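Work through the exercises below with the sequence and the model side by side. Try each task before reading its solution.

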Amino acid sequence: MAQTVFTLFKDGQQYMQTWPVKKELYPLFPECRVISATKLAIKTMPPLAVLTVASAYSVTGVETLPNAVAMAIFFLSIPVQGLLWLGHRSNQWLPPSTSSWYRDIHQKMRQQGCLVATMKSRPKYKELAALLKTAFDDLDKAFTQRWF
């Protein structure tokens, strides 16, 4: 299923908000590192792009302005790349081992009385993100400790 860049961008933003960035998940999934880097890039890259263009213009005038603008565009593309990667990842099917782990967590959360979405037969990473967010938000630390 082909998706547009705007759909991937929007999915990446939603996935970044849904995925729980917890220390237990860092060694298991790259999402935590990508989300942390993307959030940092969203905060730092726009000022860095403006600073690059302003300093190049103030020091050398218009001579190096095209190079400075190219560097600014590169700096601005870094957070976009992170969001596009997250959007692509959110729509990928879980591998079989992670899918069975998803089913196991879903079943145990249902037994604990948590309100969770219906279990998907072929879950995607966005369903795993929603399940993990619910697990970390609703369940106590002792219960989630058994999974990690």
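The exercises that follow concern a predicted model.

**Exercise 1**

Find the kink in helix 2 and state how far the helix reaches.

Solution. Step 1: helix 2 consists of 30 residues. Step 2: from the first C-alpha to the last, helix 2 reaches 41 Å, close to the 44 Å expected at 1.5 Å a residue. Step 3: the kink lies at T44 and is about 35 degrees. The proline P46 comes shortly after T44. Step 4: after helix 2 comes G61, with a positive phi near 80 degrees.

**Exercise 2**

Solution. Step 2: a kink of about 30 degrees is found at I78.

**Exercise 3**

Which helices do the buried residues of helix 2 and helix 3 pack against?

Solution. Step 1: the buried residues of helix 2 include I35, T38, A41 and M45. An α-helix has 3.6 residues a turn, so residues three or four places apart point the same way. Step 2: the buried residues of helix 2 pack against helix 1, helix 3 and helix 5.

**Exercise 4**

What is the nearest side chain of opposite charge to K124, and how far away is it?

Solution. Step 1: K124 sits in the loop between helix 4 (96–111) and helix 5. Step 2: K124 is buried. Step 3: the nearest side chain of opposite charge is E127, 6.3 Å away. A salt bridge needs a distance within 4 Å, and K124 has none. Step 4: beyond four places in sequence, K124 touches S90, N91, Q92, W93 and L94.

**Exercise 5**

Is Q3 buried, partly exposed or exposed?

Solution. Step 1: Q3 belongs to the segment before helix 1. Step 2: buried means under 20% relative accessible area and exposed means over 50%. Q3 has 28% relative accessibility, so Q3 counts as partly exposed. Step 3: outside four places in sequence, Q3 is in contact with L8, D11 and N91. Step 4: the side chains of Q3 and N91 make a polar contact at 3.2 Å.

Notes
Residues are numbered from 1 along each chain as its sequence is written. This is a predicted model: local features need pLDDT of at least 70, side-chain atom pairs count only at pLDDT 80 or more; totals for chains, interfaces and linings use all residues. Side-chain values use heavy atoms; hydrogens and water are left out. The bend at a residue is the angle between axes fitted to the seven residues ending there and the seven starting there. Helices (H or I, at least four residues) and strands (E, at least two) are DSSP runs, numbered from the N terminus. Buried means under 20% relative accessible area, exposed over 50%, partly exposed in between (1.4 Å probe, protein chains only). Lys and Arg count as positive and Asp and Glu as negative; His and the chain ends are not counted. Contact means heavy atoms within 4.5 Å. A polar contact is a pair of N or O atoms within 3.5 Å; within protein, one must be able to donate a hydrogen and the other to accept it, and residues adjacent in sequence count only if both atoms are side-chain atoms. The expected span of a helix is 1.5 Å times one less than its number of residues.
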